[in-house]
Amino acid sequence: MLDPTAAPGGDVIETDALIIGAGPIGLFAVFELGLLDVKAHLVDIMDKVGGQCSELYPEKPIYDIPGYPEISGQELVNKLMEQIKPFGPTFHLGEMVETVKHRPEGGFEVVTDGGKTFHTKVVVIAAGGGSFQPKRPPIPGIEHYEGTSVFYSVKKMEAFRGKKVLIVGGGDSALDWTLNLQPLAERLTLIHRRDEFRGAPDSVKKMRSLVEAGAMDLKIGQVLNIRGEGGQLEAAICRDNAGASFEVAVDTMLPFFGLTMKLGPVAHWGLDLHDHLIPVETASFETSVPGIFAIGDINTYPGKLKLILSGFHEGALMAQKAARYVYPDKRMVFQYTTSSTSLQKKLGVN
Amino acid sequence: MPKITFIDAAGTAHTVEAEVGSTVMEGAIKNGVPGIEAECGGACACATCHVYVDEAWLERTGEPVAMEQDMLDFAFDVRANSRLSCQIKVSEELDGLVVTVPEKQG
């Protein structure tokens, strides 16, 4: 068995299974793999576990989880975390898997954008609708400015010093960065489609007093167009709610329109893809590459239903095949958690 | 069943039948109306089923509640008649409803 604790940065992390995606299906896969002594590490681009359940509908009830007439997205995630605790999975949150490659000695090398390298015997893709990424507003030509004067996150605040900054949006990201960058910027403008903000009331208050003090500008309206040259932004052409247009001089823009799901780097791992989904065979949910599995919303097969309960089933069958890669010589005996003392020991209930 | 007409970004009208009690979004998805994505499946969590309600119907469809207003912040080119179609419940009263699909969802 491998040590599941994370290795210090730079070292290679050895694991039996590397699960990509810590949504409900990735989490339950830990359980099914764990029963077969397959240790798992999980990587997720979000800074918390739960995937869409936690990000999109933490408080919305789900009605089709067997045994739960009604359970919220977050409650389900919490229960799954409790259920997999005995197997001590290691989470690598806020990181995106960039490459998956065969190793000459067998198994796979997986590298994240956070610079972590894993050596794993199997890879389980449980990435749902793909990775959450910032929404790109449909402003014509915006792609020519991305990375030079349009940014969807702030990596180094110093880069905004002395700039004319335009922040677009009305949630916490927009407000937090307004407050953080205002002291650095030459002039900061916040634009939002209405004079109501979703962000924390305290941040809204602070922003409003900066506006009153004349230290920043607040505009109510929407950005329709941008103007500039060679990737350098010069102005945002906006429209107020009465339909009148106005311009804001700007050299850096930060739009915050929430997140959307994109397939992302999965497309470059050499797997067969069909309509942005990964075809699998339905005995083990293995992809076209032996040793790489795909479970949950990201896979496709005849009759596929994008249900959490289907993903649970897929995880159970996946684990049977995955265990054969990890323990090629072990005789597999199917056991029930209700009656097997060895499974109960693993669960810590016996 | 009540009929709902979706006018897509190209100006083409798609008239579909929608069950009373279902949502306008579901009527679009079931009938493959282009331009309605409904990424989150109707949880009022994504703003990709954004429509503009025809002026004549605004009174009958009502106002978006606070949660829907918040989610509309994530949509693009939001106007006074913007709604998320997953939040409009189909009723007999809405038979004949006309909505326009924006050029791009979020």
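**Figure 1. Domain division of chain A in the predicted model.** Chain A is divided into domain 1 (12-133 + 260-347) and domain 2 (136-257), with bounds that come from an automatic or database domain assignment. The centres of domain 1 and domain 2 of chain A, taken over C-alpha atoms, are separated by 38 Å. This is a predicted model, in which local features need pLDDT of at least 70 and side-chain atom pairs count only at pLDDT 80 or more, whereas totals for chains, interfaces and linings use all residues. Residues are numbered from 1 along each chain as its sequence is written, and chains are lettered from A and ligands numbered from 1 in the order in which they are written.

**Figure 2. Helices α1 and α3 of chain A.** Helices (H or I, at least four residues) are DSSP runs, numbered from the N terminus. The axes of helix α1 (residues 24-35) and helix α3 (residues 73-84) of chain A come within 9 Å and cross at roughly 20°; axes are lines fitted to C-alpha atoms, for helices over the stretch in contact, and angles run from 0 to 180 degrees between N-to-C directions. α1(A) and α3(A) are therefore roughly parallel to each other, the term for angles under 35 degrees. On the α1(A) side, the contact (C-beta atoms, placed from the backbone, within 7 Å) includes A:Leu27, A:Phe28 and A:Phe31, while A:Leu76, A:Leu80 and A:Ile84 are among the residues of α3(A) that take part. The residues of this contact of α1(A) with α3(A) divide into 10 nonpolar, 2 polar and no charged. Here Ala, Val, Leu, Ile, Met, Phe, Trp, Tyr, Cys and Pro count as nonpolar, Asp, Glu, Lys and Arg as charged, and the others, Gly among them, as polar.

**Figure 3. Helices α4 and α5 of chain A.** Helix α4 (residues 172-181) and helix α5 (residues 201-212) of chain A have axes that come within 10 Å and cross at roughly 45°. Among the contact residues are A:Asp172, A:Leu175 and A:Asp176 of α4(A), together with A:Val204, A:Lys206 and A:Met207 of α5(A). By class, the contact of α4(A) with α5(A) has 4 nonpolar, 2 polar and 3 charged residues.

**Figure 4. The contact between chain B and chain A.** In this view, 13 residues of chain B are in contact with 16 residues of chain A. The side of chain B that touches chain A comprises 7 nonpolar, 1 polar and 5 charged residues.

Definitions and conventions:
Helix = DSSP H or I, 4+ residues; strand = E, 2+ residues; numbered from the N terminus. Contact = placed C-beta atoms within 7 Å. Parallel < 35°, antiparallel > 145°, perpendicular 65-115°, else oblique.
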